Amino acid sequence: MTAVAQSSLRLLRRSPWSARFGMVVILAYAVTAIFAPLIAPYGETEIVGIEYEPWSEVYPLGTDNLGRDMLSRMIFGAQNTVGVAFATTVLAFLIGSVAGLTAATLRGWTDQGLSRLVDVMMAIPPLVFALLILTIVGTTMLNMILVIAVLDSTRVFRLTRAVAMNVVVMDFVEAARLRGEGLWWIMRHEILPNIMAPLAAEFGLRFCFVFLTISALSFLGLGLQPPTADWGSMVRDNATLISYGDITPVIPAAAIALLTVGVNFVVDWFLHETSGLKE
Amino acid sequence: MSAQNEPDTGGDDLLLRIRGLKIEGRTEEGWSEIVHGVDLDLRRGEVLGLIGESGAGKSTIGLAAMGFARDGCRLSAGTIEFDGRELRAAPETARRKLRGNRIAYVAQSAAAAFNPAHRLMDQYCEGPVQHGVMGRAEAESDAIQLFERIRLPDPETIGFRYPHQVSGGQLQRAMTAMAMACRPDLIVFDEPTTALDVTTQIEVLAAIRDAVQQFGTAAIYITHDLAVVAQMADRIMVLRHGLLVEEGDTRSLLSDPQEDYTRELLQIREFQVDERRRPADAAPVLEMRGVTAGYGAATILHDVSFQIHKKRTVAVVGESGSGKSTAARVITGLLPPTAGEVLYNGEALPPRFDRRTKDQLRRLQMIYQMADTALNPKQRVRDVIGRPLEFYLGLTGAQKRERVRALLEMIELEPDTFIDRLPGELSGGQKQRICIARALAAEPEVILCDEVTSALDPLVAEGILKLLDRLQDEFDLSYMFITHDLATVRAIADEVVVMHRGKVVESGPKSEMFTPPHHDYTDLLLSSVPEMDPDWLDRLLAERAELARQGRVLKAADN
Amino acid sequence: MGAILSMVAQRLALGLLTLFVVSLIIFLSVEMLPGDITQAILGQGATPETVAAFRRELGLDVPAHLRYIAWLGDIVQGDLGRSLASKREITELIAVRLWNTLFLAGLAAAIAVPLAVALGILAALFRNGWFDRGINLVTLSSISFPEFFIAYALIFLFAVQWGWFPSIVNVTPDTPFWERVYRCILPAVTLTLVTTAHMMRMTRAAIINLMASPYIEMARLKGLTRSRIILMHALPNALSPIINVIAINLAYLVVGVVLVEVVFVYPGLGQLMVDSVSKRDIPVVQAACLIFACTYILLNLLADILSIISNPRLLHPR
């Protein structure tokens, strides 16, 4: 285990500044999200002043359209928006990777059935599909998590299936089959360890995608519902300020952008390292 | 800097002069040296053979002669003088203008080195036109003449085909023609026949030699096969680990090698086990009886039958596409036959492997050609060998550990050093040994060896063959040896089965198979194996010409 | 040639099948409407009579398969039904907006595609140079930005601070072409920024992937110039992945357009769809969804067929 720690430390020391910047950003967001109630000066839905107060010492980022403290809502937004996106990504991964792995290992009809189903689901643009389903089932948070997780799991399925296929055709998998090993053993011991790197990278990319989709839905007023503090809806609620030359509404949008940039930087470096693409 | 200043090293006809060449490759830890200071001289019109195993640096040196280093490599020291001009320090533009124009390159796999998006003629003409040697029309008519000279079929039209429409042997000759396009002073041949079947190889060797002699072109011929280089080169340099081992005139180097390593290389083909005759009344351990099999509508195997007896080695020989690997897939149960059956000790095995019992699976083990892909890169040696022990024999804990160590000793790898390694930390030969140990751990009776030595260097391959031979005696194993290499057959087989286009052409004891007369195909196959004798190719071509006059044409189908 | 025709025919059949299944999904999604949802849409005060009337309006009283056939038949004839909210013909409601959306997406594509391919080729050409590294960081960042961030940032700078372009894009069928282009610049640039990055990175990757192949090494050893190697030897073989990524991004434009339309209050199909979702105007959502899905499927189909045609192995069989 110390060898692993040492090699990851060595890897870290070689990382470019962009990846380090990304890691710092991710860490900062995680800390903010976890300790949000401790950090935030005011409550999440507490009305502290009049509407649209400018930046001041009392309200560092002013107040929003209902007179709630912008900074506090930004901090709670880290918990809500990032937390929901993270949970959705984990769910999408559970569904997609198990299905993808099964399809690649079993092949035959299982693979055909799952792949065609995914083809059809991917034939509809995800945001549009999500809008349709949410119209029907209603825009609750749980519904949104489920809908986006299922839609996004199709992409996880495609990737997992593709990388697992590359491993399945290897002789060592054939050797395990010929030894008489069961399906689960082959998936767990022969295939999974060899596809962890691309899956980890994909997790980062999918998180970004889910995060952006959820923010987009919230921005459209169809995602996280008020009074929950959420970056997407904060942009929407305060958008009018822009026309008065006030950049406050862009700040939650920038917060979203900064996190996705950070994750993308780390993933980009990680992919570069694990794919052996040196220069 | 120029050749005139160095009159003592070979006079005016010296074309290439390399001194103290060092080449570095990029690794995880930084730059590490691959070639450690090599000198090389080449006169005009001379053919120099570079020989060595993988990792000897021969390709890297060959490319360095063009002032070129692959991505991730760099020419770190030394001088490369081509026709009096130093290339290592020269600007890239200057080097670029020499490449393809005065120094040309022929790659190992022509099928991969021709661009799939363009016709052969467009690729041929690109060099001469871009270097301003001749115009497009002139280049085209020149190409047709060259195609004719190297005896490509339909020289008038073959250039207007795409690479995937032309066979491998023909592409390799077309690539030689392309290298000739600007009438270069030097051509670097980088293992040009390694990817070809042995029967196809002859025609390509003949074409290359012909073309080089015709234009008095100097050549560097890179190969790992000493017998091939013996036919092509005037002079040979033996390389190992990026250093020169020995250098000399071809005939004297072959007849009187000075270094131990060269001697070993020459002796490789001498290892041979004594043939054991099939026991008179014993039943075979494994038998294929009237097997017909294929994928979908395509039938690959037609009514194939052969037997493998206890403690015997049956070599199944044939070229790519002969169906020998498909036969192995039928035996292992990966491909159920459409007709016929596989018998084990007289009893029919279930056609599909997942219908076979654990014990049936255990008795029949397999070793693969590419040890790289046969070992899970994430599993340590102890787990690779330990798994069958646990799975088949129920060994766990200390018992399992002791057995793994014993198996490692059996395959001549020090247990303490190797037990915790990952496949990435092993050499090619060591990996193949681990695969053998994994098969052995199941305590099998029959082992299918699918081209187990063809991806290995000759000396390493010989070690594997000797190991397999020893294990056969110790454990009473039967081997089915799938191979295209007749030297391997000669070394290890008791019986030989020759396959061609999915049928068994001929079969019998080894001694009979290596004595004429034969089926045409067997003759073609046997006579195509290069020999160390530098006159072998001339003699063979003369013999075949003579046979052709008598109406018996021995020639690979795709030539 | 036979192989190509049969492959293209196969793809076309598959595309039609997908369209059929997608229409089925869109139709059936309404089936999933539980009884109390109709109540929720109509509000607390709805009487059983109004609920029944509403279900009749949606046609829920006729067996599903008959309704599907009738619905599909109407759509094929260009009749998308009536809006629940405004009671207007959906076809009439959508026509102008669809044209507006296509105009905006087309404008963005006309800027983004040539720009992305050119930048991708340049980045591959100057691989690992300052240009490549710089553009890598810029594109990686712009992929990460939400569309509304870019949109508001552009509005803040170009509309509010400097006042060069309008922040609310108001076009009518009478707006002259160039005036329309001028007004659409900010939304089009937003969409361009989002899609160019992705296309450019994939173009670069597709070319660089090939740079390690033996025929590229051969081309280098033939002494060809770097630009000739990339344009004549790598690019023709990278066409298929590049076409694919362009199609994916054009399809993505259709989705991105939804958000951008909302930000710029642009009278397009996406804006209409979002409005209808909040109003739960199901027939309109269905119609918009169907149109978006069709565009998406057709673009992917086109990419598939183009990449088959660009493969020399298929184009010139043995």
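**View 1. Area buried between chain C and chain B.** Chain C and chain B bury about 2,400 Å² between them, with 55% of this on carbon and sulfur atoms; buried area is the accessible area (1.4 Å probe) that two parts lose on being put together, summed over both. Within chain C, the residues that lose the most area to chain B are C:M218, C:L221 and C:K222, which together account for 28% of what that side buries. The structure is a predicted model, in which local features need pLDDT of at least 70 and side-chain atom pairs count only at pLDDT 80 or more, whereas totals for chains, interfaces and linings use all residues. Residues are numbered from 1 along each chain as its sequence is written, chains are lettered from A and ligands numbered from 1 in the order in which they are written, and side-chain values use heavy atoms, with hydrogens and water left out.

View 2. The rule finds 4 salt bridges across the interface of chain C and chain B, a salt bridge being a side-chain nitrogen of Lys or Arg within 4 Å of a carboxyl oxygen of Asp or Glu. B:E126 forms a salt bridge with C:R228, and their closest N and O atoms are 2.8 Å apart.

**View 3. Helix α6 of chain B.** Helix α6 (residues 168-180) of chain B has 13 residues and, at 1.5 Å a residue, should span 18 Å; its end C-alpha atoms are 19 Å apart, which agrees. The expected span is 1.5 Å times one less than the number of residues in a helix. α6(B) is mostly covered, with 12 of its 13 residues buried (under 20% relative accessible area, 1.4 Å probe, protein chains only). Among the buried residues are B:L171, B:R173, B:M175 and B:M178.

**View 4. Chain A.** Chain A contains 11 helices and 0 strands. Its C-alpha atoms fill a box of roughly 75 × 50 × 30 Å, taken along the principal axes. Of the 279 residues of chain A, 53% count as buried.

Methods. Helices (H or I, at least four residues) and strands (E, at least two) are DSSP runs, numbered from the N terminus. Buried means under 20% relative accessible area, exposed over 50%, partly exposed in between (1.4 Å probe, protein chains only).
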